[in-house]
Amino acid sequence: MSLTHRPLFPLVPQADPAEEARQLHTEGGLVAVRLPGDVAAWAAVDHTTAQLVLGHPELTKDAAHWPDLASGRVPDHWELIAVIRGAGMLHAGGDDHRRLRKLASSAFTRAPIAALEGRITEIAGQLLDDLAAADPREPVDLRDRYAYRLPVRVICEVLGVPDTAVSGLRGAFERLVTPQEDGAEDIRVAQAEIHRSLTALIAAKRAAPGDDLTTALIQARDDGDRLSEEELVETLFLILIAGHETTLNLISSAVHALLEYPDKLAYVREAARKGDGGGACPFAQGGRGARTEAGADDGGADTEADDADDDIWTALVDETLRYSSPVRHALMRYAVEDVDIAGVRVSRGEPVLAGLFAAGRDPGRHTDPDVFDPARPTRRDHLAFGHGAHYCLGARLARLEARIALKALFTRYPDLEAAAAPERLASISVQGVRTLPVRLNAGRSRG
């Protein structure tokens, strides 16, 4: 039975991701779904099927293989168009993807990222110093004041661009990842604003090059093949938005989860007060199996164990990635030929997405998957950064930023408490909270 003749499970941006995942798991490994705009697709929702889809040789990211897009049935003003089409590596397949990724990958290998640890720690300290002036009786939006600002400053320093390269485009970025129904004009305006700003930034870098990734991308050659201007803009856009959006939601979701699980929060507070994160802490138990990552050492896969495997903060990051993936659904891949996946025939040209949040909550993979437990042995068994050729280039950087950010936060503010229920992001592609109101010195404010 073809995709269009099956009952379609509606994917709704405003839906609770956990409840959606539970319902999807009752439908099978590969589920026919309806995206906003009445667009039909397949969704891989358990770990095994999602991993297969992410690395399948007969599925491509190149939207030229999607007949509904080529024919205009899916219009240029579709609210998710910016997520599935472009000239950068995110939307390329085969040789084009390998060429584009190779040009950007050198800055995200193990040695350059490890060298950033001291600077990330310094930035975290500066941001926490800024928060010290807050009235302890008043709530602070930790997402905005800390979880957002840390990765923005880091990725802008890696690129050699001012913080305003992101902060000035923050609204445009958010309109793309959390599009609204009938928001086609907003999407066009946001895309034009981003393109105009990044084109100007590239021109400024050409005039005043530096020892940074943006200059390297401008000058890069791969067997004599320089990035085209459009590829350069798209690559810079991808690094800017992915370089902060994933980490922002990872840090926010980790804090949010701890605030919802007081027993786990107590362990973190104790570790922070002792000034360490290993040893007797229950979080250090289990989880030493290899992560489900794949690829060369280009910033994506961790091909060996981290130095901080037994650290409470690393365990916290791993479990957050499983429990609350920053990417809700990874859009989109297309069948280049008819292919069978999880016992379902996917016809040539049909789109397939990977439900990364649902895969992390797979009851066939994890015991009590809806429970946040950094001590679980399977905490590393997730697909939050993808799998295969498109595995997240900045995964190693995101892990390092989150581990440093969480340790610094709870060391400085061990009495941090929730001030109100956070507002959830409404998005098909990303997942997290829109606000995270907390009281930093809850004990002091009560005293």
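The following conversation concerns a predicted model of one protein chain.

Biologist: How many helices and strands does the chain have?

Modeller: The predicted model contains 19 helices and 13 strands.

Biologist: And what share of the residues counts as buried?

Modeller: The chain has 447 residues, and 56% of them count as buried.

Biologist: Among contacts between residues at least 6 apart in sequence, what share joins residues at least 24 apart?

Modeller: That share is 73%. Two pairs illustrate such separations. H47 and G355 are 308 residues apart in sequence, yet their C-alpha atoms are 8.8 Å apart in space. Likewise, Y334 and D62 are separated by 272 residues in sequence and by 7.3 Å from C-alpha to C-alpha.

Biologist: Where does H47 lie, then?

Modeller: H47 lies in helix α2. Its relative accessible area is 0%, so H47 is buried.

Biologist: Which residues does Y334 touch, leaving out those up to four places away in sequence?

Modeller: Y334 touches E58, L59, T60, K61, D62, A63, H65, W66, I84, E350 and P351. Y334 itself is found in strand β8, and it is buried, with a relative accessible area of 0%.

Biologist: Why does A342 count as partly exposed?

Modeller: Its relative accessibility is 46%, and the partly exposed class lies between under 20% for buried and over 50% for exposed.

Biologist: What about D368: where is it found?

Modeller: D368 is found in the loop between α17 (356-360) and α18 (395-412). D368 also has a positive phi, of about 50 degrees, although it is not a glycine. With a relative accessible area of 52%, D368 is exposed.

Biologist: New topic: helix packing. At what angle do α9 and α14 pack?

Modeller: Helix α9 (residues 149-159) and helix α14 (residues 229-260) pack at about 150 degrees, and their axes are 8 Å apart. That angle makes α9 roughly antiparallel to α14. The crossing of α9 and α14 is right-handed.

Biologist: Which residues make the contact?

Modeller: From α9 the contributors are P151, V152, I155, C156 and L159, and from α14 they are L236, I239, L240, G243, H244, T247 and L248. This contact comprises 9 nonpolar residues, 3 polar and no charged.

Biologist: Is C156 buried or exposed?

Modeller: C156 is buried, with a relative accessible area of 0%. By contrast, C392 is at 22% relative accessibility and therefore counts as partly exposed.

Biologist: How many disulfides does the count come to?

Modeller: The count comes to 0 disulfides, where the rule requires a pair of cysteine sulfur atoms within 2.5 Å.

Biologist: Now α16 and α18: at roughly what angle do they cross?

Modeller: Helix α16 (residues 312-323) and α18 cross at roughly 120 degrees, and their axes come within 9 Å. That makes α16 oblique to α18. The crossing of α16 with α18 is right-handed.

Biologist: And which residues make that contact?

Modeller: On α16 they are W313, T314, L316, V317, D318 and L321; on α18 they are R399, A402, R403, L406, K407 and F410.

Biologist: How many of these residues are nonpolar, polar and charged?

Modeller: The contact of α16 with α18 has 7 nonpolar, 1 polar and 4 charged residues, whereas that of α9 with α14 has no charged residues.

Key. Residues are numbered from 1 along each chain as its sequence is written. This is a predicted model: local features need pLDDT of at least 70, side-chain atom pairs count only at pLDDT 80 or more; totals for chains, interfaces and linings use all residues. Side-chain values use heavy atoms; hydrogens and water are left out. Axes are lines fitted to C-alpha atoms, for helices over the stretch in contact, and angles run from 0 to 180 degrees between N-to-C directions. Helices (H or I, at least four residues) and strands (E, at least two) are DSSP runs, numbered from the N terminus. Angles under 35 degrees count as roughly parallel, over 145 as roughly antiparallel, 65 to 115 as roughly perpendicular and the rest as oblique. A crossing is left-handed if the near helix is turned anticlockwise from the far one by less than a right angle, and right-handed if clockwise. Contact means heavy atoms within 4.5 Å. Ala, Val, Leu, Ile, Met, Phe, Trp, Tyr, Cys and Pro count as nonpolar, Asp, Glu, Lys and Arg as charged, and the others, Gly among them, as polar. Buried means under 20% relative accessible area, exposed over 50%, partly exposed in between (1.4 Å probe, protein chains only).
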